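Here are my notes on the model, point by point. Please read them with the structure open.

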Amino acid sequence: MGRLIVVSNRVQAPKDASDSSVGGLAMALAAALRAYDGFWFGWSGETTEEFDGQMNVEERGGVTIKTIPLEAQDVDEYYNGYANKTLWPLFHHRIDLTAYERSYSHGYERTNKRFAEVLEPMLEPDDVVWIHDYHLIPLASYLRKLGVRNRIGFFLHTPWPARQLLVTLPHHGQMVRAMGAYDLIGFHTEEWRGLFCDYLIEQAQGKRLDSDTVAASGEIYRTGVFPIGIDVEGFVEGSHSELAIRTLKRMNKSGDGRSMMVGVDRLDYSKGIEERLSGFEQFLTDHEEWRKRVFLLQVTPLSRDTVDSYQDIRERLEGLAGRVNGQFADMDWQPIRYLNRTYRRDQLAGIYRASRVGLVTALRDGMNLVAKEYVAAQNPDDPGVLILSRFTGAAEQMTAALLVNPYAREELADAIYRALEMPLEERIERWQSLMDVVRHTDIAIWRDTFVSELQATAVTPPRFAASVH
Ligand code: GDG
């Protein structure tokens, strides 16, 4: 195949193969770009007064990165606005937090159009273009209008919302029609794909052509399910690194024989951290015998902290953690260690391995990689137990976890009790089955399957250029 061109809002290429400052996704895409000799295009993260067409080009760890700055108004309306205040909450079923501002949608279209105008002249006829995530949904439609005929694929990292919620978005029809410009649209799960097809069939009077394909509004939508995974070997190796072992020892020492539970999430209202703390509070209320014998380490790096709803959730979490600690702590024990900081990947692996229970209680999550990392970091002879929300994409595959409804405080409390009391034999059995899933859906499989399916699609006929307005 020709070159692979990856496009995402932010570009996070690693310095080299051992760079642990970036996530597994960035590592995997960088590896693909090295193999296919393409480049990675996106926003530099910088703001400029007026965009003058100037692009930054650099080589990082064998990958070519091409980025552009955005004007302050674009950052405000496209990134903070439409992406993070409109689409993110809507796609996570939070229409109560969704902002429907016309200026945001204009900024979103304007920025996508700009991305297309900068990208188009750099494309060669055999290039395959892979666009990522909700920031860039209409990008292919703008590329088609500029005459691009290359194969273009899209992967959504978030859930797709239920039709009844999506119709609250002004111009939802226009957004979905623009997706007809893609040759392949990928989701993490059958559930998200099903909701997308349901919209096409019920709302846009579409016709199912086969299990993957729907015709609607004069377009053909080819969909696929590609569950993302982690770099399993890298993570397992990381969990044996010197730093991980040191971290494990440090945690065991500071735990002083108590069982540790862990939560690792960006500070985001979709991650169900409040519900998790409430479930833990309920557990401590129900099981006096466990007080002082267990604690929860909640690692929560701040994210999107210029957005109001993120400041609100931050305040609520601080209040809740303080309240639970105030109520239950003693001079030599505190039930919740709540941290707003990040750790290196190997340190995280050590923390996961030291934890008797991993808590993933998202209220809605495209996949959730923490669930997979937690499993990969465990000691096979004495593994911890994963408690996993039914509302994550990961729950579709990781059925050997203790699956919970995080909205139900008492159910969560019961699951914590069950996890802490679980006999070794059952822990090993569940872990083996989870580890099989994690291994069989790793990040390289995800990436290669998507790229080869995209490559195998028929070349887009020039229909789209005329049909989008
Ligand atoms: C989106 C979708 C989908 C967290 N704290 C630290 C740290 N992290 C890393 C974790 C994990 C990653 O961040 C978070 O990934 P998730 O998948 O859990 O969630 P999102 O950030 O919301 O990701 C999600 C994903 O895209 C991929 O498609 O699964 O559903 O929302 O890798 O380890 N990493 C380090 N230090 C930290 O303190 N190094």
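Which residue of β6 is the bridge partner of histidine 132? The first point below takes this up.

1. The model is predicted. In β6, phenylalanine 155 is the bridge partner of histidine 132. That pair belongs to a parallel pairing: β5 and β6 (residues 151-155) are joined by five bridges.

2. β5 also pairs with β1. Strand β1 (residues 4-10) runs parallel to β5, and four bridges join them.

3. Now the burial of β5, residues 128-132. Five of its five residues are buried, so the strand is largely enclosed by the rest of the structure. Its side chains split by direction: Val128, Trp130 and His132 point one way. Val129 and Ile131 point the other way, and they are buried as well.

4. Next, the ligand. The shell around the ligand holds 22 residues, and those that come nearest are His157, Tyr343, Asp365, Leu369 and Glu373. By class, the shell has 10 nonpolar, five polar and seven charged residues. Two helices, α12 (345-354) and α13 (369-376), each supply at least two residues of it.

5. The side chain of histidine 157 places an N or O atom 2.6 Å from an oxygen atom of the ligand. Aspartate 365 has a polar side-chain atom 2.6 Å from a ligand oxygen. Tyrosine 343 uses its backbone instead: an N or O atom there lies 2.4 Å from a nitrogen atom of the ligand. Taken alone, the ligand exposes 730 Å², and the protein buries 83% of that.

6. The buried residues are Val370, Ala371, Lys372, Glu373, Tyr374, Val375 and Ala376. Two of these carry charged side chains by class, Lys372 and Glu373. Glu373 is also among the residues that come nearest to the ligand.

7. What covers the buried residues of α13? The cover includes helices α8 (232-239), α12 and α15 (424-440). Strands β11 (259-264), β14 (357-360) and β15 (385-389) are also included.

8. Last, the start of α13. Asparagine 368 caps the N-terminal end of this helix. A side-chain oxygen of asparagine 368 lies 3.0 Å from the backbone nitrogen of valine 370.

Methods: Residues are numbered from 1 along each chain as its sequence is written. This is a predicted model: local features need pLDDT of at least 70, side-chain atom pairs count only at pLDDT 80 or more; totals for chains, interfaces and linings use all residues. Side-chain values use heavy atoms; hydrogens and water are left out. A residue is near a molecule or strand if one of its heavy atoms lies within 4 Å of it. A polar contact is a pair of N or O atoms within 3.5 Å; within protein, one must be able to donate a hydrogen and the other to accept it, and residues adjacent in sequence count only if both atoms are side-chain atoms. Accessible areas come from the Shrake-Rupley method with a 1.4 Å probe; for residues, only the protein chains shown count as cover. Buried means under 20% relative accessible area, exposed over 50%, partly exposed in between (1.4 Å probe, protein chains only). Contact means heavy atoms within 4.5 Å. Two strands pair if DSSP finds at least two bridges between them.
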